[in-house]
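Colleague: Please show the model, and then we can go through its ligand site.

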Amino acid sequence: MRISGRVDLHVHSRVSDGTGSPADLVREAHAAGLAMFALTDHDTTAGWAEARREAERTGLGLIPGIELSTRLGWRSVHVLGYLVDPLDPGLVAETERIRAARRSRARRIVDRIGEDYPLSWDDVLAQTTAGSTVGRPHIADALVALGLEADRSAAFAGILHPRTGYVEPHYAPTPVDGVRLIVGAGGVPVVAHPGAAGRDRVLPEPVVAELVDAGLFGFELHHRENTPDGARRVAELIERFGLEATGSSDYHGTGKPNRLGEHVTDPAVIERLLARGTGTTPVLPRAAAS
Ligand code: AMP
Ligand code: FE
Ligand code: FE
Ligand code: ZN
């Protein structure tokens, strides 16, 4: 199948910590001139059905995906999984476990903040939609609604910064287990924003080798949070292991400055990604379908 046009491979809806509905995103993607985008909410596929309906109705292309939370020691590693089977038992069980751990972790963070600021769990729940994946962004939104922080970015630099002592990590599988889960569910794994913390914090080469053995497809090379030296290191790893390079916005609606389509992925890479994924079907852009 031939793909043409601009494809953004990393987009969040309010089913996790974006601010738009899945259908809103389809409309925004049209307006941004995209041919196709991937819906990649944190640890959930709950937004797929709505996005798929709106994409089919309007002729936009859609790649159903997920952004799986994983962790290696102190390091949080996000693994994008495209075209996974949303009913795969292993993936369903692990994402339920992560979402439950996120929720109890968020409650403990809110309890600690609540000792020093007038913040309650209900204030945070008011910022989520039913069944959504809860994260620090929702706590940030509650702090903003209460007038305690100016916006999400300020909240992450302020009350939610690790140095304040309020935040803690949540349970997450290792990156290699995350890649195996995605591959086991027929999906295509890509490490998200791999150079975000600079060259010294890019995954060590033996870990990358393990991910490659487990079926890693690529690295998200073009992403605003990759630092210049982080991206150079990621490009070296792509070259050494023969991996694919993707590009995406990581759009979170009004929750982050990232703009839809600010980075996109080469159509040839999209074609190889679509050929690899077997867990679910994409919606092909109407003009380019063949
Ligand atoms: P959590 O997974 O609960 O630890 O929260 C991390 C999420 O917060 C990431 O997925 C980002 O989308 C979001 N995030 C991280 N830093 C910022 C920031 N400075 N401004 C807005 N959102 C952020
Ligand atoms: Fe996020
Ligand atoms: Fe991420
Ligand atoms: Zn993301």
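Predicted model: local features only at pLDDT ≥ 70, side-chain atom pairs only at ≥ 80, totals over all residues.

Modeller: Residues are numbered from 1 along each chain as its sequence is written, chains are lettered from A and ligands numbered from 1 in the order written, and side-chain values use heavy atoms, leaving out hydrogens and water.

Colleague: Which protein donors does the iron ion (ligand 2) have?

Modeller: Donors are N, O and S atoms within 2.8 Å of the metal (3.2 Å for Na, K and Ca); water is not among the atoms, so sites may look incomplete. The donors lie 2.1 to 2.2 Å from the iron ion (ligand 2), and their spacing in sequence is D-x24-H-x209-H. They are D17 (OD), H42 (NE2) and H252 (NE2).

Colleague: How far apart are the iron ion (ligand 2) and the iron ion (ligand 3)?

Modeller: The two ions are ligand 2 and ligand 3, both iron. Their separation is 5.3 Å.

Colleague: How far is an oxygen atom of ligand 1 from an N or O atom in the side chain of H252?

Modeller: A polar contact here is a pair of N or O atoms within 3.5 Å. For the side chain of D17 the distance to an oxygen atom of ligand 1 is 3.4 Å, and for a backbone N or O atom of R136 it is 2.8 Å. For the side chain of H252 the distance is 2.8 Å.

Conventions
Polar contact = N/O pair within 3.5 Å; in protein donor to acceptor, adjacent residues only side chain to side chain.
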